[in-house]
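I opened my notebook to follow one model from its DNA contacts to its strands. Here is what I looked up.

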There are 2 protein chains.
Amino acid sequence: MKVTIYDVAKEANVSIATVSKVINNTGRIGEKTKRKVLEVMKQLDYQPNMMASALMGKQTKTIGLLIPDLANPFFSELARSIEDRAHEFGYNLVICSTDYQTEKENKYLALLKRKSVDGFILASGFEDLNKVEELVKEDVPVAIVARDLPMFSINTVALDDFMGGYLAASHLIELGHQNIGVIARDVWSNRERLRGFKQALEESNLEFTREFEYINGISHVEPGKFMTAKYLKGKNPPTAIFACNDLLAIGAIQAVKEQGMRVPDDISVVGFDNTLIATIVEPPLTTVAQPIQHMGREVLDLIISMIKGEKKEKMRLTLLPSLVTRNSTAKNRNKDLKEKLENL
Amino acid sequence: MKVTIYDVAKEANVSIATVSKVINNTGRIGEKTKRKVLEVMKQLDYQPNMMASALMGKQTKTIGLLIPDLANPFFSELARSIEDRAHEFGYNLVICSTDYQTEKENKYLALLKRKSVDGFILASGFEDLNKVEELVKEDVPVAIVARDLPMFSINTVALDDFMGGYLAASHLIELGHQNIGVIARDVWSNRERLRGFKQALEESNLEFTREFEYINGISHVEPGKFMTAKYLKGKNPPTAIFACNDLLAIGAIQAVKEQGMRVPDDISVVGFDNTLIATIVEPPLTTVAQPIQHMGREVLDLIISMIKGEKKEKMRLTLLPSLVTRNSTAKNRNKDLKEKLENL
DNA sequence: TTGAAAGCGGTACCAC
DNA sequence: GTGGTACCGCTTTCAA
């Protein structure tokens, strides 16, 4: 049978109260008794049961992490960075993939609450914030990561998506692209990226007049491929593509190739996230890098400080993206543009 | 404050024992009382505290999953498939990345034990099995996945690695390759793959006489690149590379390109795992596919049945790999071979 | 059919 | 300093 605090107490000829004190290093205990108890604990290989102490109001040292999809490189990298930091503090992560389904989000939220997790980190869609608001009201520590919720008072570590879009567009404009196709799923952060994107165009006295529609479905390779093919086959095909995540960008590259064109010679492609796969595609992807490690570390620190009860005021930490230039972008050599320039 | 079983009992004018019975659907309760209690539970939005019931010996409905690295596509895909199946049964996963460090493995094992997880799924290195053996002795449900431990009596869901290596070699041999470089980390499963690989050579009256050494470090892009470059620059360069995971294969492809050669025209490359990235590289990777979804599902089912106390006898389930042919492999056009053939 | 009460393994307050 | 003990929230006999 498992060894309990009673076994230790009996073996050390003290009360369980005393043992508890040496475990938690609280109250005052004599040096000798302390040593004695410690010794017995080691000898019996005693492992305090966390369920029991959790019941008495102490923490469970576990944090719930809700993400859309663990198999998506961006989220698995993010989860890993959060996990590492969590372990540094002796915390574990319960990870749940929600597939962007509100139903699952709510289900996992409720389930993990029953398991008395100390707090939640949300990287998921959460278009429906009712349950999240409830948690906040009940004083359950909740922090958001990689997902800006501007009109909601909650601790957040996010990326400056506006700047991300701006960066992507600026880079492309500098390379002489004026007709740029955008591929994105309709979520808040992408709307921001699009705003930043347009802002950059505007500053160059360019206008975003292209046909545009959000993809439906998730941000994966296929939709990126599909949408790019559509743009390329449509009238007024773009000379560059800005995809709002690396997976979509991969799809874009594949579509370009299938049309018998080349990246970046004929079409430039910019991605977003800078995950492992950006370095793996051919050509290597120019992409807007999210500081994934940094984000993971920051939310974890944030949630920990909330759990500890420090920092009662809400805050939003915005990290800045940076452009990583690889080989999927190049000067625009498109004839139309050349002609236009020559006609000036 | 949180609503407890007492609140429900009071509100429904019954004892907590009765409430407990309706929650768990045990014992015999009158229809009316049952309905009444159910109603009150709903009304108060009562959520039973799992810590408390876990303390009483019931399950925590959480499973510990130890993997080497959550950011590695193979493991994140595996984790995802296990997670999905777990959720079907109402279980959660606590995921820990061990980085192949025995130290971390043992640390997480102990930590999760204190948290009373119902069982462990191990996909990690575990060269040191002492702690695992202890768990088994203590009757803690433990299952191994994606990692064969042949001389150890423990429930396992694994791949037929021997066959995987055999498949890869056969494919390459069929394409006319005789001088094949192998890249692998020195772990059990790779030793098996190598065995299968050699077996196929042998059956074709070929011999594996190449210089060979296991990589040191982890199975990631860099070592694959490094080792391939080494082979290519060495004497008697191979016409094909068999890399024991997709990441290594990516590295191989990159190295080939850097040497100014082409895949598959000059060098063929076969990977292992068939993760997302195999479809993303250029050229798309021919690779030995592991049935990741299937494996995840099977271990989960296995551990559940262990938790439930069914199936006391140990078993090893071996899943079969299959070769997915894409464009990183082609007929050997190497001069040497041609000459050889002509000299016949 | 229902309920009183004894735990499960700890924590923490309060005497001694 | 150390120990007695009342919980924490729920499960489970065992009576009633």
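My entries below go from the ground rules to the DNA and then to one strand.

**Ground rules.** I am reading a predicted model, where local features need pLDDT of at least 70, side-chain atom pairs count only at pLDDT 80 or more, and totals for chains, interfaces and linings use all residues. Residues are numbered from 1 along each chain as its sequence is written, chains are lettered from A and ligands numbered from 1 in the order in which they are written, and side-chain values use heavy atoms, with hydrogens and water left out.

**DNA strand D.** I looked up its neighbours, taking near as a heavy atom within 4 Å. I found 27 residues around DNA strand D, with Thr18(A), Lys21(A), Gly30(A), Ile5(B) and Tyr46(B) the closest. On the DNA side, 59% of the atoms within 4 Å of the protein belong to sugar or phosphate, and the rest to bases.

Next I checked polar contacts (pairs of N or O atoms within 3.5 Å). The side chain of Thr18(A) puts an N or O atom 2.7 Å from a phosphate oxygen of DNA strand D. Ile5(B) uses a backbone N or O atom, 2.5 Å from a phosphate oxygen.

**Strand 7 of chain A.** I took strands as DSSP runs of E, at least two residues.

I then looked up its pairing (at least two DSSP bridges). Strand 6 of chain A pairs with strand 7 in the parallel sense over four bridges. Strand 8 of chain A also pairs with strand 7 in the parallel sense, over three bridges.

Conventions
Polar contact = N/O pair within 3.5 Å; in protein donor to acceptor, adjacent residues only side chain to side chain.
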